[in-house]
Amino acid sequence: MTTRVGVIQFPGTNCELDVIHAMTQLGADASILWHGDPTVNGVDTVIVPGGFAHGDYLRTGAIARFSPVMQAVADFAASGGPVVGICNGFQILCEAGLLPGALQKNAGLKFLCEPAEIRVETSRSVLTNGAQVGQVLRVPINHFEGNYICDASTLAELQAEDRVVFRYVRNPNGALDDIAGVCNAARNVVGLMPHPERASDRLLGSQDGNVLLGSVLSACAKVS
Amino acid sequence: MADSLHVQLGMTDDEFEAVVAELGREPTHLELAMYSVMWSEHCSYKSSKPHLKRFPTDAPWVMVGPGEGAGVIDVGRDLAVAIRIESHNHPSAVEPYQGAATGVGGIIRDVFSMGARPIALMDPLRFGNLDDPRTRYIFEGVVSGISGYGNAVGVPTVGGEVVFDDCYRDNPLVNVFCLGLLNHDELQLAVAGAPGNLAVLLGSGTGRDGIGGASVLASAGFAEGSLDKRPSVQVGDPFEEKRLIEACLELYRRKLVVGVQDLGAAGLSCAASETAAKGGAGMDVDVARIVRREPKMTPVELLTSESQERMLAIVTPEQLDDVLEVAARWEVRASVVGLVTDTERFRVYDGRFDALGIPGKNPARPHGDNAEVLSSDSAPIADVPIGSLGDGPVYYRPLAVPDDLAERQADDPRGVLATKFADGVDLSAELLTLLATPTIADKTWVSRQYDHQLFLNTVVGPGSDAAVLRLKGTTKALAISTDGKARFCALDPRVGGALVVLEAARNVACAGAVPKALVNCLNFGNPEHPEIMWQFSEVVDGMSEACAALDLPVVGGNVSFYNESRGANIDPTPTVGVVGLIDDLKVIPPAAALRDGDAVLVLGATAPELGGSEWASVLHGLHAGVPPIADLEAAGRLLPFVAELANSGAVAGIHDVSDGGLAVAIAEMAIAGDVGVVIDLAGVPISEACSQAEILFSETSNRVVCSVSQLDVEVLLAAAVAAEIPAAVVGIAGGAEVSFGACANVGLVEATDVWRYAIERSLRR
């Protein structure tokens, strides 16, 4: 069976077509999930892509979490379904309480679109089951609010439970403990700031993102 | 005594008399306001029109030429590309962030009004010198505005230009270029179709921002107190525009619109009248149906407001429900504001029809202004022949060669510089200073604030000679470059105009592409000065000659006059955007970088041409002489050869020679490749005797540097000879120094440092 990937589109989302393209290249059947529909339509995995959902007005992700689809995503995640939030998607999953912490403005107070190197810190997540711990991947970042923050006890918990999924090799945005991505306790919900879909083709300068997107598809195979 | 109304609105007495003659009576306030914006320089091109006709605009692949929202060219496989460039200079001078942001928003609407999805932006920007605090404020504000709007609206900014020159201190140039992609059958035009069709206003509410922007801001120079013009600057909302893009693209996909036009300069007056005038129809507009942001707005304000993020769609009554449903789903406001008629009149009412566009008695008002209720038999508050608004005056303004031109041209900087920098003088410090000149230095500080990767098309992004975008689903790719070189145009506008075209074409060729179409943004001073009009006319001729020689059609453009402040005009600054096509992109095109161990090859001969060069002008303050020769025949030989080289994988690195000459081009390639280089100047092909300094810093056109495997050198040189292109190996990449023998020798680490951090250092001052 072809894996069915649902990519959520809020008004203001802009990376949905890119994620669909990259996932389709990997053999998945990827399609849009509209934010106003209270269902994930029986897909095998949900990706919350990057962009500016609801204009990022008020605060990144603050309005998006109230969209009808988000309750369905929470239910899907609670039942063990693989959910990945990329960039604005990570911010939304944090606002929705599916992931701990928050993303604040970059330490340099400037938007940053540039290549980043991230180190895989655990292979026990739906996004990294096909990667090696310690593997360094070249995946671009593209954000103004990518500076990860959480309280001390949450950080201790993330570290103790091996839930820091990625760290930056060179921290671009001031993120706490160089964190580029984290997962939930069940390890089926992952958020990261870098964009794996932007590293999905040799013509784009890196294919390292396919290791991650491919892991999601493998995770679906295991779940089903 | 206060000025009469038409003068306050920026009209001359003669223009006012022409309106009276057209109508056979005195115009109403509303009518006069509409004529004043539609007949403004910005909207009517009244000074430039007679000249613009001289551009070559035809080629078999041109689908839509100048005059529509954007030019459209066929790129094969049923795909087409829409391109457009515009200026937002004056708004950016007054309010840098919003000026630049709304410039981006406006150009995007031009492109998606053609049915295309906007997929790339480029911004040619020009500022004063960074040692001026206000310039730093403008520079940072403009970059933030482009970043803030462009990133959020979801169109990547894949390149551009940033130039610093004192002539732009009070009048920065913010030019914005946008490219969109569409299938042939998705092309949309601004037409009204049959009487009975409805004009639906989509997007933002109409507010008091940008009232008269076209006439007050864009069509007059700056004097003291120009900050008072701030209320004429519009405010952008990228989230509104993003929803508007998606809603419009869905409307097109579902074939729900007859025609569409964006609201830009002159607001609804322009969009509604132009759309109807094109089909020889008429239009009735009801201002009572316009969704507004604030109460008590007058009809004049509603018709001339330049509030952003608005589009006018022409739809049939049968499809209105579907249109409103799509708009509602995208949370885009939509209201019927106009009715297409067969009257050939543009009539404006305050209370005419209901929400479905059906004329009826006592229609309910859709907004909070529940003042008096008007009935449908109320008289129009404006009633003019529809074609007359877009048929403004044409001025054949006088031309005059500037008095001091001959003298300046005769004062070749070669003389002074030859005395100061005779052969044997160490030029290392000159090279380092050039690399640290903000115009030449690394622009990553700027480009990393822009999303340049969205849509997964960006094979080559900012910082190279040209951006390269793949066209997914095909083997094709586009190369895009924006360029301008005002100093050349100031010394000889005709030659300068041609050189700008050649440089952009050469940049595109360095990415392996064949140049296919050009759009230009012509930034000039006050057209009422005969010297400025002469510059303009000469630039048009020079560009036309170069475009004709390269078979490069001009598919669109924009004219920005009145770039003056405190009585001083800017240097004539035509900028161009050139799009080239790569038919078969297999690998990432060669970077502008050297590879360790490679031979360094120069194509094209160097002449001692220092007039207008960075070295003579910026480092030594010599704004005189003549620009380099624009050899169109040499360009005709070089460009296809270079495109083939870049595309065939024959070279590892390739770079156009421009600002700063050969020395800077080679140093930039060394920095990018993180490898030193040893050059022997005696090997550089020359067309006449040059000093060492002239070989290093002359800005002769038609030259390219390549990094080539030593095994391939002989074949490549033979091919160049066969193509009648001067070519020679001038050195080898390797080591830790950028060395031009005895005359200039700098460490790679130091060269990299000064080049990479020059802009950040200038800002931290």
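B:Leu456 is buried, with 25 other C-beta atoms within 10 Å, where a residue counts as buried if 20 or more other C-beta atoms lie within 10 Å of its own, as exposed if 12 or fewer do, and as partly exposed in between, the C-beta atoms being placed from the backbone. B:Leu456 lies in the loop between α18 (444-447) and β14 (458-460) of chain B, the helices (H or I, at least four residues) and strands (E, at least two) being DSSP runs numbered from the N terminus. The model is a predicted one, in which local features need pLDDT of at least 70 and side-chain atom pairs count only at pLDDT 80 or more, whereas totals for chains, interfaces and linings use all residues. Residues are numbered from 1 along each chain as its sequence is written, and chains are lettered from A and ligands numbered from 1 in the order in which they are written.

**Positive phi values**

- Most residues other than glycine have a negative phi.
- Phi of B:Leu456 is near 60°, a positive value in a residue other than glycine.
- B:Lys255, which is not a glycine either, has a positive phi of about 55°; its place is in the loop between α10 and β8 (259-262) of chain B.
- B:Lys255 is exposed, since 11 other C-beta atoms lie within 10 Å, whereas B:Leu456 is buried.
- In chain A, the helix α1 is followed by A:Gly27, whose phi is positive, near 100°.

**Confidence**

- The predictor gives the complex an ipTM of 0.97 and a pTM of 0.95.
- Chain B averages a pLDDT of 93, with 95% of the residues scoring at least 70; pLDDT is the predictor's confidence in each residue, from 0 to 100.
- Over residues 366-374 of chain B the pLDDT is below 50, and this stretch has 14 contacts in the model beyond near neighbours in sequence, two residues being in contact if their C-beta atoms, placed from the backbone, lie within 7 Å.

**Chain B as a whole**

- The secondary structure of chain B comes to 27 helices and 28 strands.
- The radius of gyration of chain B is 27 Å, close to the 27 Å that the globule rule gives for 765 residues, so chain B is as compact as a globular protein of that length; the radius is taken over C-alpha atoms, and the rule is 2.2 Å times the number of residues to the power 0.38.
- Taken along the principal axes, the C-alpha atoms of chain B fill a box of roughly 90 × 60 × 45 Å.
- Of the 765 residues in chain B, 63% are buried, and residues 24 or more positions apart account for 84% of the contacts with a separation of 6 or more.
- The domain assignment of chain B gives domain 1 (189-390) and domain 2 (414-448 + 590-765), with bounds that come from an automatic or database domain assignment.
- The centres of domain 1 of chain B and domain 2 of chain B, taken over C-alpha atoms, are separated by 53 Å.

- In helix α17 (residues 428-435) of chain B, the buried residues are B:Glu430, B:Leu431, B:Leu434 and B:Leu435.
- These residues cover an arc of only 135° around the axis, which puts them on the same side of α17(B); the arc is that of the directions from the helix axis to the C-beta atoms.
- The elements against which the buried residues of α17(B) pack are α22 (614-619), α24 (661-673), β28 (745-747) and α27 (748-764) of chain B.
- B:Asp753 has its place in helix α27 of chain B and counts as partly exposed, with 16 C-beta neighbours inside 10 Å.
- B:Asp753 and B:Leu431 are 322 residues apart in sequence and 13 Å apart in space, C-alpha to C-alpha.

**Chain A**

- Chain A has a secondary structure of five helices and 11 strands.
- With a radius of gyration of 15 Å, close to the 17 Å that the globule rule gives for 224 residues, chain A is as compact as a globular protein of that length.
- The C-alpha trace of chain A spans about 40 × 35 × 35 Å along its principal axes, and 58% of the 224 residues count as buried.
- Seven of the 10 residues of helix α1 (residues 16-25) of chain A are buried, so this helix is largely enclosed by the rest of the structure; among them are A:Leu17, A:Val19 and A:Ile20.

**Contact between the chains**

- The contact takes 24 residues from chain A and 22 residues from chain B.
- On the side of chain B that touches chain A, α8 (133-153) and α10 (238-253) of chain B each supply at least two residues.
- By class, that side of chain B has nine nonpolar, six polar and seven charged residues, where Ala, Val, Leu, Ile, Met, Phe, Trp, Tyr, Cys and Pro count as nonpolar, Asp, Glu, Lys and Arg as charged, and the others, Gly among them, as polar.
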